[in-house]
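Welcome! Open your viewer, get ready to select residues by number, and follow along stop by stop.

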Amino acid sequence: MLVFGLTGPSGAGKSTVAELFRSHGVPVLNADEIYHRLLIPPSQCLNELTDTFGRQILAPDGTLNRSALAEIVFEDHGELERLNKIAHAHVLREAQRQLRVLRDSGHAAAVFDAPQLFESGANRSCNAVISVLAEPNIRLHRILLRDGISPEAAIKRMEAQKPDTFFRSHSDYIIENNSNPENLIPQVRRILAETGVCEA
């Protein structure tokens, strides 16, 4: 089974591209969704986070208080690295398990949608890496519409991510998403055809 790693900067349109792969019968695993499910108590991942950062990251009902954890990790790069090391390990382990299930059930391909595909090292387990890119002004507009944050916060988020040059030099395929979603369809079909998953 072919595993496509799908990544790219915020606002580029990964979710839209992932839905197009689904529409062609290719199952998609979403790293963020896996992480959120892994944090539901009882949770080995949550226990490890609590052991590392203290019980102050827990809400009264025993679930993760995301704001409390964010206050710890986003003011200290070292703490953020500790969080990512724990989270990535658990997410990748669960993603590999789900991929084995898909492989055993006869799927020809699957997509692993992961914003931090390279940071987690998951790219090394993929047969091909697909990065979705868009012009910065378009990404900014999408982030503002989607997340309801200030332009300053959106720009800060964008500046903290890898540049387009990195994605272009480390990916097998680039999907340009600067216009209508309809223009994504032939790009996805080309990838599926070139990799033999389905005909163009």
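**Stop one: two crossing helices**

Select helix 2 (residues 31-38) and helix 5 (residues 77-104), whose axes come within 9 Å and cross at roughly 105°. Helices here are DSSP runs of H or I with at least four residues, strands are runs of E with at least two, and both are numbered from the N terminus. Axes are lines fitted to C-alpha atoms, for helices over the stretch in contact, and angles run from 0 to 180 degrees between N-to-C directions. Helix 2 and helix 5 are therefore roughly perpendicular to each other (65 to 115 degrees; under 35 is roughly parallel, over 145 roughly antiparallel, and the rest oblique).

Now show side chains. From helix 2, Ala-31, Ile-34, Tyr-35, Arg-37 and Leu-38 make the contact, where contact means heavy atoms within 4.5 Å. Their partners in helix 5 are Leu-83, Ala-87, His-90, Val-91, Glu-94, Ala-95 and Gln-98. Colour this contact by class and you will find 8 nonpolar, 2 polar and 2 charged residues. Ala, Val, Leu, Ile, Met, Phe, Trp, Tyr, Cys and Pro count as nonpolar, Asp, Glu, Lys and Arg as charged, and the others, Gly among them, as polar.

A note on what you are viewing: this is a predicted model, in which local features need pLDDT of at least 70 and side-chain atom pairs count only at pLDDT 80 or more, while totals for chains, interfaces and linings use all residues. Residues are numbered from 1 along each chain as its sequence is written, and side-chain values use heavy atoms, with hydrogens and water left out.

**Stop two: a cis bond in a loop**

Next, select Pro-41 and Pro-42, which are joined by a cis peptide bond with omega of about -5°. Pro-42 sits in the loop between helix 2 and helix 3.

**Stop three: another partner for helix 5**

Gln-44, Cys-45, Glu-48, Leu-49, Thr-52 and Phe-53 of helix 3 meet Glu-79, Arg-82, Leu-83, Ile-86 and His-90 of helix 5. Sorted by class, this contact has 5 nonpolar, 3 polar and 3 charged residues.

**Stop four: aromatic rings**

How many aromatic pairs does a search of the whole structure find? There are 4. Rings of Phe, Tyr and Trp (its six-membered ring) pair if their centres lie within 6.5 Å; planes under 30 degrees apart count as stacked, over 60 as edge-to-face and the rest as tilted. Select Phe-4 and Phe-21: their ring centres are 5.9 Å apart and their planes are at 40°, so the pair is tilted. This pair links distant parts of the chain, with Phe-4 in strand 1 (residues 2-7) and Phe-21 in helix 1 (residues 14-23), 17 residues apart. Phe-4 counts as buried at 1% relative accessibility (buried is under 20% relative accessible area, exposed over 50%, partly exposed in between, with a 1.4 Å probe and protein chains only). Phe-21 is buried as well, at 0%. Then select Phe-118, Phe-166 and Phe-167, which ring pairs link into a cluster.

Is Leu-117 buried or exposed? Leu-117, in helix 6 (residues 117-120), is buried, with a relative accessible area of 0%. Draw a distance from Leu-117 to Thr-7: the C-alpha atoms are 6.3 Å apart, although the residues are 110 apart in sequence.

Finish at Ala-154 in helix 8 (residues 151-159), which counts as buried at 0% relative accessibility. Beyond its neighbours within four places in sequence, Ala-154 is in contact with Leu-140, Ile-143, Leu-144 and Ile-149.
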